[in-house]
Amino acid sequence: LAAAQSVSQALAATPGVAFASPAVPNNATAPTAVLWTLYPNDAPQSVEAADLVSALRNDVLPQAAGDSGLAVKVTGSVAVNVDFSGYLGDRLPTFFAVVLTLSFVLLMAVFRSLLVPLKAVIMNLLSIGSAYGAVVAVFQWGWGSSLVGLGGSAPIDPWLPVMMFAIVFGLSMDYEVFLLSRVKEEYDRTGDNELAVADGLAKTARVITAAAAMMVFVFGSFVLEAERSIKMFGFGLAVAVFLDATVVRMLLVPATMELLGDRNWWLPRWLDRLLPKIDVEGASHTDETSHDDPDFELEVATVLSDDAAQQRN
């Protein structure tokens, strides 16, 4: 009880604490645990509240408990948010590195190039980073927050960067593969990089724009929800898809491919031998069938014979 009284006094004297309740034992005669309820001066999602949790755990409570053997733990919604944010923050670099590395290797195997997958990864990071910046500016800094129905600013939810990265990266890579597949097909057919980029962009621009417009409207409708987390999620996805389908996919990607020229499709021979052959368009299967199928050869021979007969007549 003496140690519990010391903790109560330390909590009440801690800067940033608006109210600290007395120790409430679980048993009046022989208590085995006690509970304190603490209210901070600042909002639960504020940086000051997170700093208060850290101060309580590292300084205030260890000194107040001393050598009494009393183990004091800090829990509650604020402490849980702090722990969850730290848990995700420590693992975000690993998560990003694994996704980017696997995407790079897969694109390298599909398009038989080093610069094309590297450019794709960098461009996707640009669109995702821009969306992160827009979310922070509106929801954390409060720029134009009234336009999306918010009363003020607040920290970003810890789960948002992970979910946004996973969804936006998948959508961005979908647009990227769709565009590059057409460009690669034209380059293999003509050997002219400039013509391939122009033709690939012309053939896919309408589809990419239409698909992105639908996604922007769907995600943008989330902003009409009353829940702040839903607003934040929908706003971030809408901005990311809009920037990815306009600035990145329709401007930066073709421009960089035009500047790089034939270097887009360079791949070392030793690496080409190591990578598996992945044919997303099925061109190799079509070529195999057209040359090896007896029925195909018979049809061609029949057509040639008919043409020759008509010419004789």
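**View 1. The side chain of S21 meets the backbone of T37.** A polar atom of the S21 side chain lies 2.8 Å from the backbone nitrogen of T37. Such a polar contact is a pair of N or O atoms within 3.5 Å; within protein, one must be able to donate a hydrogen and the other to accept it, and residues adjacent in sequence count only if both atoms are side-chain atoms. This is a predicted model: local features need pLDDT of at least 70, side-chain atom pairs count only at pLDDT 80 or more, and totals for chains, interfaces and linings use all residues. Residues are numbered from 1 along each chain as its sequence is written, and side-chain values use heavy atoms, with hydrogens and water left out. S21 sits in the loop between β1 (17–20) and β2 (24–25). Helices (H or I, at least four residues) and strands (E, at least two) are DSSP runs, numbered from the N terminus. S21 has 11% relative accessibility, so S21 counts as buried. Buried means under 20% relative accessible area, exposed over 50%, partly exposed in between (1.4 Å probe, protein chains only). Leaving out residues up to four places away in sequence, S21 touches W36 and T37. Contact here means heavy atoms within 4.5 Å.

**View 2. Helix α2 has a kink centred on L56.** The bend is about 50°, taken as the angle between axes fitted to the seven residues ending at a residue and the seven starting there. α2 has 19 residues and spans 26 Å from first to last C-alpha, close to the 27 Å expected at 1.5 Å a residue. That expected span is 1.5 Å times one less than the number of residues. The buried residues of α2 are A49, L52, V53, L56, V60, L61, A64 and A65. They pack against α1 (2–13), β1, β4 (38–40) and α3. Just after α2, G66 adopts a positive phi of about 60°.

**View 3. A salt bridge links D83 and R57.** The closest N and O atoms of the pair are 2.7 Å apart. A salt bridge is a side-chain nitrogen of Lys or Arg within 4 Å of a carboxyl oxygen of Asp or Glu. D83 lies in helix α3 and R57 in helix α2 (residues 47–65), so the pair ties together parts 26 residues apart in sequence. D83 is partly exposed at 40% relative accessibility. R57 is also partly exposed, at 30%. A search of the whole structure finds 13 salt bridges.

View 4. K184 pairs with D188, the closest N and O atoms being 2.9 Å apart. K184 is buried at 15% relative accessibility, whereas D188 is exposed at 52%. R189 and E186 form a salt bridge at 2.6 Å, N to O. R189 is exposed at 59%; E186 is buried at 5%. Shared partners join R182, E185, E186, R189, D199 and K203 into one salt-bridge network.

**View 5. F139 and F235 touch the most other members of the largest nonpolar core.** This core has 48 residues. A nonpolar core is a set of buried Ala, Val, Leu, Ile, Met, Phe, Trp, Tyr and Cys residues joined through side-chain atoms within 4.5 Å. Elements giving two or more residues are α3 (77–111), α4 (115–140), α5 (160–190), α6 (193–220) and α7 (228–260). α7 gives the most, with 13 residues.
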